[in-house]
Amino acid sequence: MAVVEDHSEKTLVGPAIIAGVGVHTGRRVRLAVRPAPTGTGIVFVRTDVSDVDNRIPVSGEAVVDARLNTMIANAAGTSLSTIEHLMAAFAALGVSNAVVEVDGPELPILDGSALPFVQLLDRAGFRRQPRAVRYVEILEPVRVTDGDKSAALLPCDRYEMRFEIDFPSKVIGNQVVDFVVNEETFRRDIMAARTFGFAHEVEALRQAGLARGGSLENAVVIDGDQILNPGGLRMDREFVKHKALDAIGDLYVLGAPILGRYEGVKAGHAINNKLVRALLAAPHAWREVERVPELAMAG
């Protein structure tokens, strides 16, 4: 099926507000996504911070921690965690400009996927803006590795993604997903895939002050070769599809959609940000362009 891409920048028609619990802090937070002028990009504002600069514009360099989620910070040290699921929704729905106000140190985890964020943005509505979208076109391969983990960006005439994971647990095993990254495929196959974790890791995370808000309502939890969630999985290959969802959000810190192919093997937030930084450090490997082929085939 042919999908006609819209090459104009986009923001929201009006504000979109939601509240929930941060997966690591366990704190209840309120989030408001507001329309923004052309050229703003995605900017987060910590409304609970008043003594220093509370605006955190998204960029590859703004990522300061990517061990268990994507955390960004500004020069004043104001930080915000777990932005990746909302960023994935922005990327897939083509939101170029938005100001996101949040009254805590972490975005709400909601159900552990991007689905509630997509629904939130859909309710607000979208408005085209009088400026062409800038794409990051990959001209030469860029690769990063860390042991058996790797990620790469390769030249391609559309945005494609291949992700592979391999876990010893029988409920996961080896999973691969390969698709065209666009709104249609994201809505159909990717956005509802939830984050996941292992029961034996939960106590260690909580002792480290993390995962305090994690539950079976916002993550798939695996114990040995069993899924503890009463409803089981939402979809085929949910685990690898969520890793792809994370990667879409992690790469959107570049501030523009990609015209290229991402290939990840066992990659997580840290490898993804390492790849973003490697790309930014190789100006010969990419360029900004304002047009792409008019038709892209949905995968």
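These legends describe close-up views of a predicted model. Residues are numbered from 1 along each chain as its sequence is written, and in this predicted model local features need pLDDT of at least 70, side-chain atom pairs count only at pLDDT 80 or more, and totals for chains, interfaces and linings use all residues.

**View A. Packing of helices H1 and H2.** Helix H1 (residues 84–93) packs against helix H2 (residues 115–124) at an angle of about 50°, and their axes are 9 Å apart; helices are DSSP runs of H or I with at least four residues, strands are runs of E with at least two, and both are numbered from the N terminus. Axes are lines fitted to C-alpha atoms, for helices over the stretch in contact, with angles running from 0 to 180 degrees between N-to-C directions. H1 and H2 are therefore oblique to each other, the term for angles left over when under 35 degrees is roughly parallel, over 145 roughly antiparallel and 65 to 115 roughly perpendicular.

**View B. The sheet of strands E17, E18 and E19.** An open sheet with mixed pairing is formed by 3 strands in the order E17-E18-E19, where two strands pair if DSSP finds at least two bridges between them. Strands E17 (196–198) and E19 (226–227) stand at the edges with a single partner strand each, so one side of each is left without a neighbour in the sheet. Strand E18 (residues 220–223) and E19 run antiparallel and are joined by 2 bridges, and Asp223 stands opposite Gln226 in E19.

**View C. Helix H5 on the sheet.** Helix H5 (residues 238–251) lies across E17, E18 and E19, and runs at about 130° to E18.

Note on methods: Heavy atoms only, no water. Contact = heavy atoms within 4.5 Å.
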